[in-house]
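Me: I would like to learn how to read charge pairs and helix packing in a model. Can we work through one together?

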Amino acid sequence: MQTSRARRVFLLDSHDIFRMGVRSALSERNELTVVGEAGDLDVGLPLVARSRPHVVVVGIREHERALLDNLPRLRAQHPSAKTLVLSRTEDDQLVAAALRGGASGLLVKDIAVTQLVAAVHSVAGGHNLIDSVRAKRLAANRAPQPTHDSEDPLAVLTPQERKILDLIGQGMTNRQIAERLFLVEKTVRNHVTRMLAKLGVERRTQAALLAARLHHTRSTGSSRNPH
């Protein structure tokens with residue numbers, strides 16, 4: 001019997017059979033409940049807003065990669081929902097697109113049910129399942145380059161905001177950051193909001209990737225130009 005504290009999951013995938021299989025597998029778990037499903041994003045958006053899931057499981061195929069560019073629309077409907085992407089492949093382009101879309105995880109579709117359940121709980125708890133080393137490598141190739149007018153875009157941040165950005169880059173949630181810095185969680189949220197506005201980005205992931213890109217650039221420059 002499912003409890004009122006069960007994790008709420010929404011399924012978004014164009015393949016009816018796949019959705020049916022995932023729903024059946026998750027429904028056997030008392031600590032999870034599937035609160036809705038849809039075959040395409042336009043149909044799913046209002047359903048996500050009404051069902052208020054903890055996690056949206058998004059299944060995509062090779063020809064559906066453009067869906068990742070629209071993931072922010074899901075977050076706009078229900079900002080607290082986390083996104084877990086399931087795909088047949090896990091190449092760098094796909095991972096980079098998932099990061100840009102603000103996904104908290106990307107897994108291949110042939111994983112075991114126990115792995116999927118664990119992933120749902122993990123992203124619902126605020127963890128990022130996309131390998132940090134791989135994310136930093138992608139950031140080095142894809143994140144915005146510093147301009148000549150502002151060689152250090154992070155210069156606009158306060159020391160406290162820089163600390164928070166570093167901790168975001170480590171995959172910490174606002175609550176974890178608050179505990180680390182001995183702050184109230186609401187204070188951390190306010191810092192994050194101002195920090196994103198200063199950096200001209202919309203999501204935490206984008207800010208973390210920018211910081212990783214700048215760190216990579218400085219490290220490379222130091223190794224090439226020793227004093």
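Me: About how many helical turns separate Arg19 and Asp16 in helix α1?

Reply: Keep in mind that this is a predicted model. Arg19 and Asp16 sit three residues apart in helix α1, so about one helical turn lies between them. Their closest N and O atoms are 3.1 Å apart, and the two residues form a salt bridge.

Me: Why can such side chains pair at all?

Reply: Opposite charges can pair when the charged atoms come close. The cut-off here is 4 Å between a Lys or Arg side-chain nitrogen and an Asp or Glu carboxyl oxygen. By that rule the model has nine salt bridges.

Me: Is Arg19 buried or exposed?

Reply: Read the relative accessibility, where under 20% means buried. Arg19 is at 10%, so Arg19 counts as buried.

Me: Which residue does Arg23 pair with?

Reply: Arg23 forms a salt bridge with Glu37, with 2.6 Å between the closest N and O atoms. This pair links distant parts of the chain: Arg23 is in helix α1 and Glu37 in strand β2, 14 residues apart. Arg23 is partly exposed at 30% relative accessibility. Glu37 is also partly exposed, at 26%.

Me: Where do the partners Arg61 and Asp13 lie in the chain?

Reply: First the distance: the closest N and O atoms of the Arg61–Asp13 salt bridge are 3.3 Å apart. Arg61 lies in the loop between β3 and α3, and Asp13 in the loop between β1 and α1. The two are 48 residues apart, so check accessibility on each side. Arg61 is at 13% and counts as buried. Asp13, at 3%, counts as buried too.

Me: Which residues are linked with Arg61 and Asp13 in a network of salt bridges?

Reply: Glu64 and Lys109 join Asp13 and Arg61 in that network.

Me: Now helix packing. At what angle do the axes of α7 and α9 cross?

Reply: They cross at roughly 95 degrees, and the axes come within 10 Å. Angles from 65 to 115 degrees count as roughly perpendicular. Helices α7 and α9 are therefore roughly perpendicular to each other.

Me: Which residues make the contact between α7 and α9?

Reply: From α7 come Gln160, Glu161, Ile164, Leu165 and Ile168. From α9 come His191, Val192, Arg194, Met195, Lys198 and Leu199.

Me: How many residues of each class does that contact have?

Reply: Sort them by class. The contact of α7 with α9 has six nonpolar, two polar and three charged residues.

Technical notes. Residues numbered from 1 in each chain as written. Predicted model: local features only at pLDDT ≥ 70, side-chain atom pairs only at ≥ 80, totals over all residues. Heavy atoms only, no water. Helix = DSSP H or I, 4+ residues; strand = E, 2+ residues; numbered from the N terminus. Buried < 20%, exposed > 50% of the residue type's maximum accessible area, 1.4 Å probe, protein only. Axes fitted to C-alpha atoms, helices over the stretch in contact; angles between N-to-C directions. Parallel < 35°, antiparallel > 145°, perpendicular 65-115°, else oblique. Contact = heavy atoms within 4.5 Å. Nonpolar A, V, L, I, M, F, W, Y, C, P; charged D, E, K, R; others polar.
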